[in-house]
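Student: Could we go through the aromatic rings here, step by step and with the terms explained?

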Amino acid sequence: SFEKVSGPGWMSVLPDGSLSGVPDNLHVGVNEFEVQVTDPSGQKDEAFLRVDVQPLPEGVIDFDANGGVRSFGGDEDGIGTYSIEESGAALSLHGNVYKAVKLDPPYEVTSLTVIEFDFRSENRGSLHAIGLDEDDAATKSYYFKLYGARTKSNYIVDFATYDDAAPDTKHYVIPVGQFYTGVKTRLFFVNDHDSKSSNPTASGVFTNVKIYESDGGPPPTSAPTLPPTPPPTQAPTPSPTKDPTPKPTKYPTPPPTPNPTPPPM
């Protein structure tokens with residue numbers, strides 16, 4: 001069996017030798033662990049492991065920062081779980097859950113504010129959404145719907161385009177400031193699954209989330225779909241032309257003219 005002898009607290013060593021744990025930005029760099037293994041006869045040996053923890057990309061929301069992930073939406077946050085992955089760069093949601101991170105300092109959304117992120121879902125729920133809010137009360141008109149069976153009209157549905165990508169990862173750039181502005185203190189994530197079952201199965205993962213001010217240009221769009229190439233047009237086969245050389249015209253041969261018989265002398 002295996003056991004951890006020393007090293008940072010974020011990593012655990014299970015008896016079968018597998019490792020688990022998620023580092024935060026405090027552990028960026030090389031992390032060293034000492035592990036001991038014991039064979040069935042009781043013989044022991046030790047080894048050192050080194051794990052290089054990379055920092056988050058610039059501007060990416062750290063889900064471990066500012067108190068971490070919190071409940072959002074009051075009673076909307078129901079049965080389910082969440083986990084923070086990829087060294088704080090990803091939030092994975094399962095079940096019927098509403099979660100948020102606190103923006104500290106608060107973010108003033110202007111007409112140029114953008115949210116950029118990656119999203120994927122292996123199990124569609126009633127609603128998968130993202131947005132910014134002033135508090136934890138869950139203002140429905142702030143929801144940017146990405147996916148889900150629910151079709152209420154008070155959500156922003158301009159970016160409900162994940163159906164064609166499921167279950168793969170889709171990249172989004174949402175110009176939030178074109179829909180609402182103001183000071184916001186919450187970045188929220190919705191993984192709603194209206195189910196009578198005690199085990200809702202909806203899932204969604206938000207990764208590499210950024211909030212920033214754009215340069216004022218139009219939001220990126222997908223490449224235009226070109227019309228299909230028409231089949232090649234065959235040149236018409238020319239009809240045979242007549243020989244331009246004129247042919248001699250045949251005239252009917254006139255009958256012979258009889259010589260008149262002279263009168264008798």
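Tutor: Buried means under 20% relative accessible area, exposed over 50%, and partly exposed in between, with a 1.4 Å probe and protein chains only. This is a predicted model, in which local features need pLDDT of at least 70, side-chain atom pairs count only at pLDDT 80 or more, and totals for chains, interfaces and linings use all residues. Residues are numbered from 1 along each chain as its sequence is written, and side-chain values use heavy atoms, with hydrogens and water left out.

Student: How many aromatic pairs are there by the rule?

Tutor: Rings of Phe, Tyr and Trp (its six-membered ring) pair if their centres lie within 6.5 Å, and planes under 30 degrees apart count as stacked, over 60 as edge-to-face and the rest as tilted. By this rule the count is 16 aromatic pairs.

Student: Which kind of aromatic pair do Phe-119 and Phe-206 form?

Tutor: Their centres are 5.0 Å apart, with 50 degrees between the planes. Phe-119 lies in strand S10 (residues 113-120) and Phe-206 in strand S15 (residues 203-213), so the pair ties together parts 87 residues apart in sequence; strands (E, at least two residues) are DSSP runs numbered from the N terminus. Both Phe-119 and Phe-206 are buried, and the pair they form is tilted.

Student: Is Tyr-180 buried or exposed?

Tutor: Tyr-180 forms a tilted pair with Tyr-142, at 4.4 Å centre to centre and 35 degrees between the planes. Because its relative accessibility is 9%, Tyr-180 counts as buried.

Conventions:
Helix = DSSP H or I, 4+ residues; strand = E, 2+ residues; numbered from the N terminus.
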